[in-house]
Amino acid sequence: QDKEVNIAVSIPAADHGWTGGVVYHAERAAKLLEAAHPGLKITIKTSPDGASQANALEDLTTQGIDALVTLPHNSDELTDPIRAVKEKGIFVTVVDRALSDPSIQDLYVAGNNPELGRVAGEYLKNTMKTGDVVVIRGLPIVIDEERQKGFDDAIAGSGIKVLDKQFGNWSRDDAFKIMQDYLTKFPKIDAVWCQDDDMAVGVLEAIDQAKRTDIKLVIGGAGMKDMIKRVADGDQLTPINVLYPPSMVATAMELTVANFYDQVPVRGKYILDATLVTKDNAKEFYFPDSPF
Amino acid sequence: METREPTIAATMPVLEARGIAKAFGPVEVLTDISLTVMPGEVHAIIGENGAGKSTLMKLMSGHLQPTRGTVAIDGEPVHFAGPVDAEHRGLVLVHQEILLAPDLTVAQNIFMGRELKRGLMVNDREMNRQSAEAVHSLGADIDPTTQISRLSIARRQLVQIARALQVPHRVVIFDEPTASLTPFETEALLKVIRDLRDKGVAVLYISHRLPEVGAIADRITVLRDGKLIATRNASELQPVDMARLMVGRDMSKLYPEREDTTSRQTVLEVKNFDVPGYARDASFSLRKGEILGFAGLIGAGRTELFEGLVGLRTGHGDIKLNGAPVKFHGVRDSMAAGIVYLSEDRKGKGLLLAQDLRTNLTLATLGKFTKGPLIERKREDKSLDKAISDFDIRARRRDLLAGQLSGGNQQKLLLAKMMLLEPSIVIIDEPTRGIDIGTKEQIYKFIASLAKAGKSVVVISSEMQELIGICHRILVMRSSRIVGEVMGEAMTEDEIVVYATGVKVNEAELYSAGNA
Amino acid sequence: MSDTKTIADTRGFGRKFADLDKTAVAPFLALAALFLLGALVNPNFLSVDNLLNVLTRSSFIAIIAVGATFVISAGGLDLSVGSMAALVAGIMILFLNSGAIDGDTAMLAAGVVVALGVGALAGLLNGTIITIGKIEPFIVTLGTMAIFRSVTVWLADGGSIAMKSIAMRNMFRPVYTGVFLGLPFPVWLIIAVGLLGAFILYKTSFGRHVIAVGSNEDVARYSGIHVNRVRAMTYILQGICVAIAVVVYVPRLGAATTTTGMLWELQAITAVVIGGTALRGGVGRIWGTICGAFMLEIVGNIMVLSNIVSEYLIGAVQGTIIIIAMLVQRTLQKKKA
Amino acid sequence: MSDTKTIADTRGFGRKFADLDKTAVAPFLALAALFLLGALVNPNFLSVDNLLNVLTRSSFIAIIAVGATFVISAGGLDLSVGSMAALVAGIMILFLNSGAIDGDTAMLAAGVVVALGVGALAGLLNGTIITIGKIEPFIVTLGTMAIFRSVTVWLADGGSIAMKSIAMRNMFRPVYTGVFLGLPFPVWLIIAVGLLGAFILYKTSFGRHVIAVGSNEDVARYSGIHVNRVRAMTYILQGICVAIAVVVYVPRLGAATTTTGMLWELQAITAVVIGGTALRGGVGRIWGTICGAFMLEIVGNIMVLSNIVSEYLIGAVQGTIIIIAMLVQRTLQKKKA
Ligand SMILES: Nc1ncnc2c1ncn2[C@@H]1O[C@H](COP(=O)(O)OP(=O)(O)OP(=O)(O)O)[C@@H](O)[C@H]1O
Ligand SMILES: Nc1ncnc2c1ncn2[C@@H]1O[C@H](COP(=O)(O)OP(=O)(O)OP(=O)(O)O)[C@@H](O)[C@H]1O
Ligand SMILES: [Mg+2]
Ligand SMILES: [Mg+2]
């Protein structure tokens, strides 16, 4: 099994927690896979934004590759550049963010963004029935929009009322500030939904410092290890988490490699559930060695 | 000296100041000045540093607005919206300070704001040609494509004059145009001014060089402390009279009695010193108590030689201080060794124009005014008081910024600043550039007193008269080399000129051969 | 005001420098205007709790910006402060986690020393390349900004570096949350850094030299000032200020992440400029800078407290307010003139 | 007398000439060094395809940086170009999607006109606030940067704005991908913009005035130059350059997102400075700037082509290369002197 296969992996740069996790898992998977298949060569490239990712795709293609695994910054922007890769006869695996033209991707491995919002919303609706919620969004990009929409749809028509929404830029520090100001602004808050666990850390700290007791629930998302641990430990404020694991990139890489080395061709869609993590199943999702 | 009957009576004044006054804040620096300027007249304005000459000129050319009174052109009161407005009416001012864009070339500066065009494009060739001509008519050869930042102060001054004369003009105001020029450029400029006068242009002329004023002016107005003291026909005034009117006391003697303070002890010995591109193979020695002059034409390399010696630019060669070889890696080393250099470029390298007097005074010697890390403001203030009285700095308020002092007073402040270093060897580059006659006398006295106190002084100057008046010995530089030495009876203007221009080649070669 | 006429009619530097005191006061007037706006938007704005929150939060930028005031007054620029903060925080936490020293207090104290050392070294790196290499500070610090950030990401393995020991964290947390004489500890630190900065800039010969170098490098050189040394020193001071800010930052969330300090450089420079220090050098206003940092934080606070604008447009409103604040400031200066 | 001067003259002239070349040539030498590095790292680097790819990509930054050369030479600064690009792209696409005009070609042409108009207006806004409000360009363009970005986010409803009509997209795409006489279209555009920029800066009186204003504003004013008008004009030119860059950018990715153009301002300024233009104003080098933009893109390209460093550390290597490139450039200048 020493077939020569070149696989390129193009992902966003590690500029916040979740993408950092993506890079970590990609590099780890690359090592394992290369060890398992002597002829396999995996090149990982990170890019800080959509335009430079398009550049990276061009550069990777120039080097001659058999397959591309990519987590695009943005579907609209990268559809054409990825199409150009595909047109060279290269096997294309897309992770997380589906292209505007799905016919391009041979394989699609994804978490489910609308589902992440929906699961969080459903949980709120079902456990609280009524209540005042504040929301901290990420950055204004499509993923955020999808999560928000899923959440809004889930609580539509229920007694859950969204008091305020602000962008926290997927940053702990910004989330901390916004939460502090929410606490000043609203005398009573029942729950906080923030789209990402990094931000949840800042939110919890702000609540802790203000010594406010009215908040009953803080729901984050993505399954950062610290937050999963809190769930596992039965923290009152954070009884649940919604999974959106950065390790999906590793899954995608494994599947792509399998397409070349195993006899079965791999095609189609693999959607990972936005699993609700509770005290009961938290242990399954706790990886203390992961950086995220 | 040329004498000429002024033809004033027939015509009406082209420019007039009517009861003009100007105050900066509560301080009135000009009071009630009335003045007429006739076409075809050279009208000189003289007065001590800070008398208000530049301010008056700025008022008359739209750079400043008077607090009281009016300016009139052809008998009509006018209000200038700004200097450009005044220029449109044919009034141009050559500033005392250099106002040129340093990154642009000579030609680009001369034609700034009124570029010649060919179609859409600027016509650089034509502008270069005309600029070269304009500069040439001032007795200089400057490549019009040279960047201003690469020119010496003197050359910048010439460019600035050329630039002003490029504007269509009826009245040209020269504010100390010759302060940084050598006799040659000065002579050329005076010729240009005479030509202007003959063409019927009115000229306002400010200078501290009184003989020059006598030579060029038809009428002379004297200012003192912001007041007009007198306006006289030039033929009625000898330089001594001018000085008396300006200073308000008799000025019979400009230079102090020469005393032979030179001792036998050599304090500084320089051998084969090179400053790449500027000075070659310079060798000379300086004795204790000696005043040594350095003469030469503009660009001879005097400034750079001494900048190299004190460690302000790279130079190689042997320097012996009191017999011991020394090496200066930076100007701090030479300062520590008791040598100070006062730059000729007081605005660019001497003073922080945007900071106050106190900050400037103590900048080079802050260590003396600190206790622990703390600057003792009281002692600084005391030192400023002393400097103001010792050097007769005319600042009407203590909190003025250095840039708000009149030109001559800036020079005094720079002198005071460097003297705080208590040096044993003082190198003064153009010590009296732009300084009034009364103050000159003070500075000469000061230099003599330094020598008397056993310090050694190097004076670099383009004014041969002053070198002859105060120095014990004069070295002449030409084209990067020291080409001659004059002392005693031989210290005459003719002798220096002969060396400086290269007429006396043989001896020059002999001299450098002897040093090699 | 005595300078009335000067402003109306001088042409040169006279105008720019005669109105010294006005420029110094203007930022505070702009701040007052913001207070008014805040009070109108939400009555809670003026509550002591809110103001103290904001003041406390502004401490990072304020402290860093004090350092930036030195760099900018000397005619320099430092774009690397944000990622330098991340790097210093990361190394400090890694050190705290290493358990190199027995005893939590000793360990924390050593951690602070490590932070200050790393900050000073990072500043020295900037200063050295700029002065010895004679390269534009913009390019150098843009380069080191990328370098510091990368190294942090690498140290964090793309994730975050968190303090492991809960005990130590609890012991450290009061550095951010603690209150002394009614004021949170970080506010005391702003005051201390401000006083020290003002002392150095206005009262010591080094401060004088900083202004001289920024005002006219040639004059400084001809006056025997070690221009390079002074320049480099301002970058070291900047590094130390970054380290002090980190010492307040780390106890807040107990971690350094890949986003720590992102865009702080722009905020710090903005604070300095709003505070009345000119980017071209030669002027430095420590208290104006601190006031500027406070203004920036208040604008953000008002945005969240208000209900008027869509979250999408908050940036636009914030940008507008800052421009208007500068305009107000300029107008006040002219009025008073 | 005359011979003295002749000697001095020749000396001065020769010196000056040599200097000019060095500063102008240095960026190109640094570029050559990068080529060498690239060839060492990966043999594919020197392939025509790869080089054309890189050249084509550098077109956005190169074109924007030509505008920035004007702004910076005049002593200004524009931090808003990145978000301005996003805004212009967003509005252009929304217009294209609106179907306001019949016929795809007409529509596209109109779209280009709209883009240019929006760019010029945005530049005018910057220029007006800076000159009339007399506020530091840094603050103003930081403010408008936030404003343009926010408006884009708002127009995109937090998501992205994509061209809807596939037909139109296919028709527009060759503007990025098309090749003419062996060179991709964007490369021709760089050449055209460079030629035009060089013509304006070096050959017209406006260009002369730009340099004069950046060199010494007071002198320019006394010379009757409308300083404010010239300043404002440089910002408008900058806006137009941004719009031209957008016209190449949109066909490439077919969409504007909330992150479009992020950090382009820093890249543009870096390109300008690497190219030899001083941040303090008074000097402008159009071809140096374009060379600088190309260098930035090559560094990125080499990073992707090489496999040596961990992904986390790429930023560090990139930062180091840029600093070293500047150092090389400085050293070359001194050597040749
Ligand atoms: N902008 C200003 N603000 C305050 N005072 C000023 C300002 N400009 C000039 N002065 C003061 O006005 C007085 C007259 O200065 P002016 O420059 O007219 O003198 P001057 O006669 O030209 O002297 P010099 O021969 O030294 O050039 C001086 O006392 C000077 O300090
Ligand atoms: N033709 C020229 N082109 C360019 N630079 C020149 C030219 N002539 C002289 N210079 C430069 O001018 C400077 C020398 O002028 P400067 O007048 O200061 O010398 P100096 O001998 O000290 O003269 P000064 O008599 O004014 O003290 C040097 O930098 C010299 O290289
Ligand atoms: Mg004067
Ligand atoms: Mg000289």
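Helix 9 (residues 185-203) and helix 14 (residues 286-305) of chain D pack at about 150 degrees, their axes 9 Å apart. The two helices are therefore roughly antiparallel (an angle over 145 degrees). This is a predicted model: local features need pLDDT of at least 70, side-chain atom pairs need 80 or more, and totals for chains, interfaces and linings use all residues. Residues are numbered from 1 along each chain as written, chains are lettered from A in the order written, and side-chain values use heavy atoms, without hydrogens or water.

**Helix packing in chain D**
- Helices are DSSP runs (H or I) of at least four residues, numbered from the N terminus.
- Axes are lines fitted to C-alpha atoms over the stretch in contact, and angles run from 0 to 180 degrees between N-to-C directions.
- Ile286(D), Trp287(D) and Ile290(D) of helix 14 meet residues of helix 9 including Ile190(D), Leu195(D) and Tyr202(D); contact means heavy atoms within 4.5 Å.

**Chains C and D**
- Contacts join 46 residues of chain C to 45 residues of chain D.
- The buried area (accessible area lost on being put together, 1.4 Å probe, summed over both) is about 3,600 Å².

How values were computed
Parallel < 35°, antiparallel > 145°, perpendicular 65-115°, else oblique. Buried area = accessible area lost by both parts, 1.4 Å probe.
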